[in-house]
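This report describes selected elements of a predicted model. It treats strand pairing, helix packing and charged side-chain pairs in turn.

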Amino acid sequence: MMTCDHPLPPDRYHPSVEDHLRVTGFYHASQIGVVQCQKALINALVERWRPETHTFHLPIGECTVTLEDVAVILGLPTNGLPVTGMTLSSFETLEGECFHQFGVAPRKADCRGSGIKITWLRNLKERIQLTNENSMQRYVKCHIMLLLGTILFGDKSGASVHWKFLPLLRDFHSISNFSWGSACLAHLYRYGISVYHT
């Protein structure tokens, strides 16, 4: 039997923002740790994955990840608005969006293609002083971007998170209105297994 025995703790957050995380629908997802790569386990799953049916062919039968699994395991909303929007490649637009969301903008060196480096977001989160409602919302938005880039919509590099998610976080009280669970499942089907084939 193969097991994942090297879990990393989840990105920590300040206890005073827990209610804010609950409002966004990301509280349960923020409790999940990152499992370090277990090459034998990943290879075994990749060998059994059938992309044409989105199923794992196991000795006991076929198995797949469903929307219900995503809702139960991650606790993300699976009903609501689609997680979609325009992807702009202009660095100036990214600067403006970050300044609007966080009160500070990254330098070009803090970005990677159309993504914001995880290290920049972590450093920003650590510097935010939780003194009022606005700073708490900025802190939680930063934490959500880290979740999106490391756990929910991660890529093989694990170095950045696409900034296309930022506009969806503009209205803090509307974040939970999006079907994050559906988008997460679609990402898993589209990119999750394929990144390990290369």
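## Strand pairing, helix packing and salt bridges

Tryptophan 49 has phenylalanine 56, in S4, as its bridge partner. Strand S4 (residues 55-58) runs antiparallel to S3, and 2 bridges join them. Both belong to an open sheet of 3 strands with antiparallel pairing, in the order S3-S4-S5. Strand S3 (49-50) and strand S5 (61-63) are the edge strands, each pairing on one side only.

Helix H5 (residues 118-127) has the buried residues Ile118, Trp120, Leu121, Leu124 and Lys125. These lie on the same side of H5, because they cover an arc of only 160 degrees around the axis. The face turned away from that buried side carries the exposed residues Thr119 and Glu126. The packing partners of the buried residues of H5 are helix H4 (91-102), strand S7 (115-117), helix H6 (133-152) and strand S8 (160-162).

| Glutamate 18 | Arginine 22 | 3.1 Å |

Glutamate 97 is buried, at 8% relative accessibility, whereas arginine 170 is partly exposed, at 45%.

Glutamate 18 and arginine 22 are 4 residues apart in helix H1 (residues 18-24), so about one helical turn separates them. Glutamate 18 is partly exposed, at 26% relative accessibility, and arginine 22 is partly exposed, at 42%.

Aspartate 110 is buried, at 11% relative accessibility, while arginine 107 is exposed, at 56%.

Terms used:
Residues are numbered from 1 along each chain as its sequence is written. This is a predicted model: local features need pLDDT of at least 70, side-chain atom pairs count only at pLDDT 80 or more; totals for chains, interfaces and linings use all residues. Side-chain values use heavy atoms; hydrogens and water are left out. Two strands pair if DSSP finds at least two bridges between them. Buried means under 20% relative accessible area, exposed over 50%, partly exposed in between (1.4 Å probe, protein chains only). The arc is that of the directions from the helix axis to the C-beta atoms. Contact means heavy atoms within 4.5 Å. A salt bridge is a side-chain nitrogen of Lys or Arg within 4 Å of a carboxyl oxygen of Asp or Glu.
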